[in-house]
Amino acid sequence: MTARRGEPDGDSLLRKVRLILDAFDTGAPVLGLSELARRTDLAKTSVHRVASEMVEVGLLNRQGRRYELGPLLFELGQRVPRTRDLRLIAARYLEDLAVTTRETVVLGFPGDRNVLFAEKYFSQRGGGVTFTQVEGRVPFHCGASGKALLAFGDPSIRDRVLGSTLRQRTRWTITDPAVLDAELEQIRRQGYAVDRQELVVGYGAVAAPVFSADIAVATLTVVGPIDRVPVARLAPVVTAAARALSRDFAGVNKS
């Protein structure tokens, strides 16, 4: 029998665990068995068996016949030294940028397949509305944070993204790898990335990389309504904050 698309090895438990974990997002934090099977392209019997084991070890919680991510994942995430240390150091920079720009400020990290938004300081003017329209993780090619990480981050991630299908989120999303590659070159020259309604219609962003050993390990990003994102004014502020955060983070790594 031919293996299903989500089951390349048939008997690989870890692959199935990864597919199930990836099925959850902020738009679907609780999923039933049928939806998990559809999102993972795994057989229902396989999903049920693996999900039951994941509940037993704390990777998932069960609510009746539905599942959600378990607390063990949060606990494990807090143990990652680089992420934990950078989040602590970045707190004052996020707050300062939010006060200075009066817009929402976000700390983003490169995940395996998406940008992960770890910390958010909401706009004083937006009342917390702006960033609720963006998920906790988004594809690399869709916004300022992701493009900054592609331009300055791990080359293997950039190669993988440029070699994949770039799905459209809005009419302004870049879906041509050659166009994206050209923009990444421009981002490297200017030192920051800009999103002009590529992720959410009506919103824009400016992002700058945070470095460790010459590789971007995070981004500081200012997000706001498109008419409140003057790139010429915001770019110097965001890049200066990202450079300062990079220096502080380097000092912690040396100590």
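These legends describe close-up views of a predicted model.

View 1. The chain has 255 residues, and 46% of them are buried. Among contacts between residues at least 6 apart in sequence, 58% join residues at least 24 apart. The chain exposes about 13,100 Å². Carbon and sulfur atoms supply 52% of that area.

**View 2. Confidence along the chain.** The mean pLDDT of the chain is 85. A value of 70 or more is reached by 84% of the residues. Confidence is highest in helix 8 (residues 177–190), at a mean of 97. It is lowest in helix 4 (residues 71–78), where the mean is 67. Over residues 1–10 the pLDDT is below 50. That stretch still has 16 contacts in the model beyond near neighbours in sequence. Residues 128–133 also stay under 50. For residues 128–133 the model has 16 contacts beyond four places in sequence.

**View 3. Helix 1 meets helix 3.** Helix 1 spans residues 13–23, and helix 3 spans residues 44–57. Their axes come within 10 Å and cross at roughly 85°. Helix 1 is therefore roughly perpendicular to helix 3. On the helix 1 side, the contact uses L13, K16, V17, I20 and L21. On the helix 3 side stand S46, V47, R49, V50, A51, E53 and M54. The residues of this contact divide into eight nonpolar, one polar and three charged.

View 4. S145 lies in helix 6, which covers residues 144–152. Is S145 buried or exposed? Its relative accessible area is 5%, under the 20% cut-off, so S145 counts as buried. Leaving out residues up to four places away in sequence, S145 touches V115, F117, A207, T219 and T221.

**View 5. L245 in helix 9.** Helix 9 runs over residues 231–254. L245 has 0% relative accessibility, so it counts as buried. Which residues does L245 contact, leaving aside its neighbours within four places in sequence? They are L86, I89, A90, Y93, V210 and L220. One of these, L220, is 25 residues from L245 along the chain. The C-alpha atoms of L245 and L220 are separated by 9.2 Å.

How values were computed:
Residues numbered from 1 in each chain as written. Predicted model: local features only at pLDDT ≥ 70, side-chain atom pairs only at ≥ 80, totals over all residues. Heavy atoms only, no water. Axes fitted to C-alpha atoms, helices over the stretch in contact; angles between N-to-C directions. Helix = DSSP H or I, 4+ residues; strand = E, 2+ residues; numbered from the N terminus. Parallel < 35°, antiparallel > 145°, perpendicular 65-115°, else oblique. Contact = heavy atoms within 4.5 Å. Nonpolar A, V, L, I, M, F, W, Y, C, P; charged D, E, K, R; others polar. Buried < 20%, exposed > 50% of the residue type's maximum accessible area, 1.4 Å probe, protein only. Areas by Shrake-Rupley, 256 points an atom, 1.4 Å probe, with all protein chains shown as cover. pLDDT = per-residue confidence, 0-100.
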